[in-house]
Amino acid sequence: MSSSPTHLSFLAGRLSPPFSSERVGLRPQRVEVRIPKSRFSCSAGQSGFFSRLGRLIKEKAKSDVEKVFSGFSKTRENLAVIDELLLFWNLAETDRVLDELEEALLVSDFGPKITVRIVERLRDDIMSGKLKSGTEIKDALKGSVLEMLAKKNSKTELQLGFRKPAVVMIVGVNGGGKTTSLGKLAHRLKNEGTKVLMAAGDTFRAAASDQLEIWAERTGCDIVVAEGEKAKAATVLTKAVKRGKEEGYDIVLCDTSGRLHTNFSLMEELIACKKAVGKVVSGAPNEILLVLDGNTGLNMLPQAREFNEIVGITGLILTKLDGSARGGCVVSVVEELGIPVKFIGVGEAVEDLQPFDAEAFVNAIFS
């Protein structure tokens, strides 16, 4: 197999499905192991479970490309000026056109470093004669953005290991959409037949457990909540992961308290949570997903750097992108941090948390 057992592809479906039976050599005899047939027929130690689930989710995400397109309407409006600039482009006006194109990218929060790189590459290709029309320039622009995302954003699928339960921690600042994102992710997983347990690890915000309980009821998932007002987050998550292990849950989704990235004591609590779940299931948490508010644009970068330094972020969930004209921040975050975007929030509906697809994103922001 091409993937190591500790990094099974969740969305890409790269691993081969399990055989219905296989022979295992045991000196000096041979024992035949039969795997029962079901929708998800493999055991926790067999890679086929998550890869088969991943293929189903990825196929449905591809069919939901219209949601992504509509979710980036404001960014697309910002960048529509590019089509006007290139419609009647001629070589004599190259400098003016590229200056205005640069401004459009900056306004959409592509960031100065990325913007300059894209524009200078276009300038070189125009002057060398590689690009001879506005259409070719537009295609080259989209190709440059797609290349950046593909290069730094290769692991967009969830990496859920090979032991049940897989553990996913959701972290971020207050108001970024952590609990809502967790609920929407649970909905997507539950719809594919996965047994999901939620853990209400946000023990600071009074209404956090109530909010997650509503999501549990809405999605049909089970939940573990704090016992007592002074319960520690690490204790709640430990209890949840133990239950997940004992009762055969596939995935435990762990909510955590919202915190400013500059609050040292609260960031230390995240370290305690990470260590606690790792004591119950070796290798857990499999994913630590940082939720970032798309409306903050490039201001999300300091948050992401700090969280990554403290707990080691494995992926990003970018929310509220449907309400922002700054969708270029997706490219900036990937390029600056090298952390893959796993999901994007493109609406308020429960289905609007979409697995990130670079090609769909590029087609959505450039009309």
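## Basis and overall make-up

Contact here means heavy atoms within 4.5 Å, while helices (H or I, at least four residues) and strands (E, at least two) are DSSP runs, numbered from the N terminus. The structure is a predicted model, in which local features need pLDDT of at least 70 and side-chain atom pairs count only at pLDDT 80 or more, whereas totals for chains, interfaces and linings use all residues. Residues are numbered from 1 along each chain as its sequence is written, and side-chain values use heavy atoms, with hydrogens and water left out.

The protein chain holds 14 helices and ten strands, and 52% of its 367 residues count as buried (under 20% relative accessible area, with a 1.4 Å probe and protein chains only). Among contacts in the protein chain with a separation of 6 or more, 76% come from residues 24 or more positions apart.

## The sheet and its helices

Eight strands form an open sheet in the order 5-4-6-3-7-8-9-10, with mixed pairing, where two strands pair if DSSP finds at least two bridges between them. Strand 5 (222-224) and strand 10 (353-355) stand at the edges with a single partner strand each, so one side of each is left without a neighbour in the sheet. From one strand to the next the twist averages 25 degrees. Strand 9 (residues 341-345) runs antiparallel to strand 10 and is joined to it by three bridges; Phe343 has Pro355 of strand 10 as its bridge partner.

Helix 10 (residues 233-246) packs on the sheet, touching strand 3 (166-172), strand 4 (196-201), strand 5 and strand 6 (251-256), and its direction makes about 165 degrees with that of strand 4. Such angles run from 0 to 180 degrees between N-to-C directions, with axes fitted to C-alpha atoms, for helices over the stretch in contact. Helix 11 (residues 264-280) lies across strand 3, strand 6 and strand 7 (287-293), at about 175 degrees to strand 3.

## Helix 12

In helix 12 (residues 300-311), the end C-alpha atoms are 17 Å apart, which agrees with the 16 Å that its twelve residues should span at 1.5 Å a residue, the expected span being 1.5 Å times one less than the number of residues. Met300, Leu301, Gln303, Ala304, Phe307 and Val311 are buried in this helix. They cover an arc of only 160 degrees around the axis, which puts them on the same side of helix 12; the arc is that of the directions from the helix axis to the C-beta atoms. The elements covering them include strand 3, helix 11 and strand 7. Gly312, with a positive phi near 75 degrees, follows helix 12.

Key:
Buried means under 20% relative accessible area, exposed over 50%, partly exposed in between (1.4 Å probe, protein chains only).
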